[in-house]
Amino acid sequence: IGSNDGFVSTWYDQSGNGNNATQITVGSQPQVVSGGVVDLDNLKPAIVFNGTSTTLTDTFDSISQPNTIFSIANTNAINGGLMYDGVGSFGRHTYDVNGDAYAGASMSGTALTVDTQYLHSLFYNSSSSSSYRNSIINATGNVGTQGLSGITIGSRFSGSYWSGSIQELIIYNSDQSSNRTGIETNINNYYNIYSPTTGIGTFIIGSTFTIT
């Protein structure tokens with residue numbers, strides 16, 4: 001693309017299952033290159049969402065709970081959602097900047113701090129659900145029982161868009177709570193987001209969309 005801007009039409013699934021997240025509408029594609037230079041967050045590539053229109057969507061056969069989701073993201077505005085169920089139904093696997101998770105019922109968390117990189121760990125398991133930020137518990141409760149039948153990255157169900165970067169998204173169709181610490185350590189070793197002893201965030205980035 002030379003010295004031009006570059007945008008993401010496909011975020012490729014790394015699991016081998018072919019669940020790629022795509023956006024065919026040019027004006028709705030998130031940005032990854034600015035003026036010929038790759039967008040970075042903490043010296044690693046970042047996909048930047050504009051907060052008004054940009055999303056990537058993947059549709060796949062419905063998977064029931066439990067589901068586990070890990071993501072790396074940084075917002076510059078307390079507005080919008082990191083992701084929601086690809087079919088767009090109200091309350092289906094939404095996770096937003098207020099730290100609230102939904103899958104038919106609400107599990108309330110605390111709002112994100114803007115311009116702060118987080119490793120989000122989400123466990124959708126009906127009444128035994130929980131979420132973590134930078135390996136620190138953020139919320140526990142009941143998210144409901146709805147499964148996941150696709151995903152839209154960069155928005156919540158109401159069309160309120162994510163403003164900032166999203167660098168990694170890993171989805172398991174299983175409860176990975178017993179492996180949480182190990183998975184978080186592996187991710188944090190690459191992104192260097194927070195001190196393993198305190199969980200206090202710094203910054204970072206990455207770019208893999210995986211469903212296993």
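This is a chat about a predicted model and some of its local features.

Colleague: I'm new to this one, so which residues have the most contacts inside the largest nonpolar core?

Modeller: The model is a predicted one, and its largest nonpolar core has 30 residues, where Trp 11, Met 83, Tyr 124, Ile 153, Trp 162 and Ile 166 have the most contacts.

Colleague: And which elements give two or more residues to that core?

Modeller: Those elements are strand 8 (47-50), strand 10 (67-75), strand 11 (81-85), strand 15 (118-124), strand 18 (151-153) and strand 19 (163-172). Another core, of 11 residues, lies apart from it, and Ile 183, Ile 187, Ile 193 and Tyr 194 are among its members.

Colleague: Which residues sit on each side of it?

Modeller: Ser 129, Ser 131 and Arg 133 are on one side, while Ser 130 and Tyr 132 are on the other, and with all of these buried, both faces of strand 16 are covered. As a general point, side chains in a regular strand alternate between the two faces of the sheet.

Colleague: What joins strand 15 to strand 16?

Modeller: Strand 15 and strand 16 run antiparallel and are joined by 4 bridges, and within that pairing Leu 122 has Ser 131 of strand 16 as its bridge partner.

Colleague: How many bridges are there between strand 16 and strand 17?

Modeller: Strand 16 pairs with strand 17 (residues 136-141) over 5 bridges, again in the antiparallel sense, and here Ser 130 stands opposite Thr 140 in strand 17.

Colleague: What about the turns, where is Ser 126 and what is its phi?

Modeller: Ser 126 belongs to the hairpin of strand 15 and strand 16, which has 4 residues between the strands, and takes a positive phi near 45 degrees there. With a relative accessibility of 23%, Ser 126 counts as partly exposed.

Colleague: Changing topic, which residues does the cis peptide bond join?

Modeller: The cis bond joins Gln 65 and Pro 66, with omega at about 10 degrees, and Pro 66 is found in the loop between strand 9 (56-58) and strand 10.

Colleague: How many salt bridges turn up in a search of the whole structure?

Modeller: The search finds 1 salt bridge. Arg 180 forms a salt bridge with Glu 184, and the closest N and O atoms are 2.7 Å apart.

Colleague: Where do Arg 180 and Glu 184 sit relative to each other?

Modeller: They are 4 residues apart in helix 1 (residues 180-191), which means a separation of about one helical turn.

Colleague: Is Arg 180 buried or exposed?

Modeller: Arg 180 is buried, with a relative accessible area of 14%, and Glu 184 is also buried, with a value of 0%.

Colleague: Back to loops, where is Thr 116 found?

Modeller: Thr 116 is found in the loop between strand 14 (106-107) and strand 15, and with a relative accessible area of 16% this threonine counts as buried, since the cut-off is under 20%. A polar atom of the Thr 116 side chain lies 3.5 Å from the backbone oxygen of Thr 113.

Colleague: One last thing, how far apart are Val 32 and Ala 46?

Modeller: Val 32 and Ala 46 are 14 residues apart in sequence, while in space their C-alpha atoms are 6.3 Å apart. Val 32 has its place in strand 4 (residues 31-34) and is partly exposed, with a relative accessible area of 21%.

Conventions: Residues numbered from 1 in each chain as written. Predicted model: local features only at pLDDT ≥ 70, side-chain atom pairs only at ≥ 80, totals over all residues. Heavy atoms only, no water. Core = buried A, V, L, I, M, F, W, Y, C linked by side-chain atoms within 4.5 Å. Buried < 20%, exposed > 50% of the residue type's maximum accessible area, 1.4 Å probe, protein only. Polar contact = N/O pair within 3.5 Å; in protein donor to acceptor, adjacent residues only side chain to side chain. Pairing = 2+ DSSP bridges. Salt bridge = Lys/Arg side-chain N within 4 Å of Asp/Glu carboxyl O.
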